[in-house]
Amino acid sequence: MRGLDFNSSTPLYAASGLSDSGGQGRFADHFKALRLCSHVVAKEAVLPASELASLHSEQRALLDLLVLARAQRFVGTERSSFSWLAREMRLLRGLPRATAAMHPDPSGEHTGLLEVMAAGR
């Protein structure tokens, strides 16, 4: 993330369902402690709860995908088809390849960024 110039003044959009399980706070705390972002925003902070509740999980994922396709920078996980789709959508929009990075999963398992972070990798 530092290679993409993430720093303590960078706002970060977290595309996940972690807010439902309390993971969003751990995610935000971790990346703020590393000085990789100023704050973390998710769809739950942008849309009214009533609108968000009316969306199916696939529609919520599509909302995340549309935000990520337009973000200044993007970091996804290598083994996630969602991350690959977001990166390809960014390329199709003409965003430079250098504005996106795919985080490796050294364990060989399909783990999300939070799991990689929690394992200290």
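**Helix α4 and its packing against α5**

Analyst: In this predicted model, helices α4 and α5 pack against each other at an angle of about 45°, and their axes are 8 Å apart. An angle of that size makes α4 oblique to α5, since angles under 35 degrees would count as roughly parallel and those from 65 to 115 as roughly perpendicular. The crossing of the two helices is right-handed. On the side of α4, the contact is made by A61, D64, L65, L66, L68, A69 and R70. On the side of α5, the residues that make the contact are F82, L85, A86, M89 and R90.

Consider next α4 by itself. The helix covers residues 57-70, which is 14 residues. At 1.5 Å a residue, a helix of this length should span 20 Å, and the end C-alpha atoms of α4 are 21 Å apart, which agrees.

Which residues of α4 are buried? They are D64, L65, L68 and A69. Seen down the axis of α4, these buried residues fall within an arc of 135°, so they line one face of the helix. The partners of the buried residues come from several elements: they pack against strand β1 (11-13), helix α2 (43-46), strand β3 (74-77) and helix α5 (81-92).

Is R87 buried or exposed? At 15% relative accessibility, R87 counts as buried, because the cut-off for that class is under 20%. Leaving aside its neighbours within four places in sequence, R87 is in contact with F74, R97, A100 and M102. R87 and V75 are 12 residues apart along the chain, and their C-alpha atoms are separated by 8.6 Å.

The secondary structure comes to six helices and four strands, and along the sequence they follow the pattern β-α-β-α-α-α-β-α-β-α. Of the 121 residues in the chain, 30% are buried. Among the contacts between residues at least 6 apart in sequence, 58% join residues at least 24 apart.

Conventions
Residues are numbered from 1 along each chain as its sequence is written. This is a predicted model: local features need pLDDT of at least 70, side-chain atom pairs count only at pLDDT 80 or more; totals for chains, interfaces and linings use all residues. Side-chain values use heavy atoms; hydrogens and water are left out. The expected span of a helix is 1.5 Å times one less than its number of residues. Buried means under 20% relative accessible area, exposed over 50%, partly exposed in between (1.4 Å probe, protein chains only). The arc is that of the directions from the helix axis to the C-beta atoms. Contact means heavy atoms within 4.5 Å. Axes are lines fitted to C-alpha atoms, for helices over the stretch in contact, and angles run from 0 to 180 degrees between N-to-C directions. Angles under 35 degrees count as roughly parallel, over 145 as roughly antiparallel, 65 to 115 as roughly perpendicular and the rest as oblique. A crossing is left-handed if the near helix is turned anticlockwise from the far one by less than a right angle, and right-handed if clockwise.
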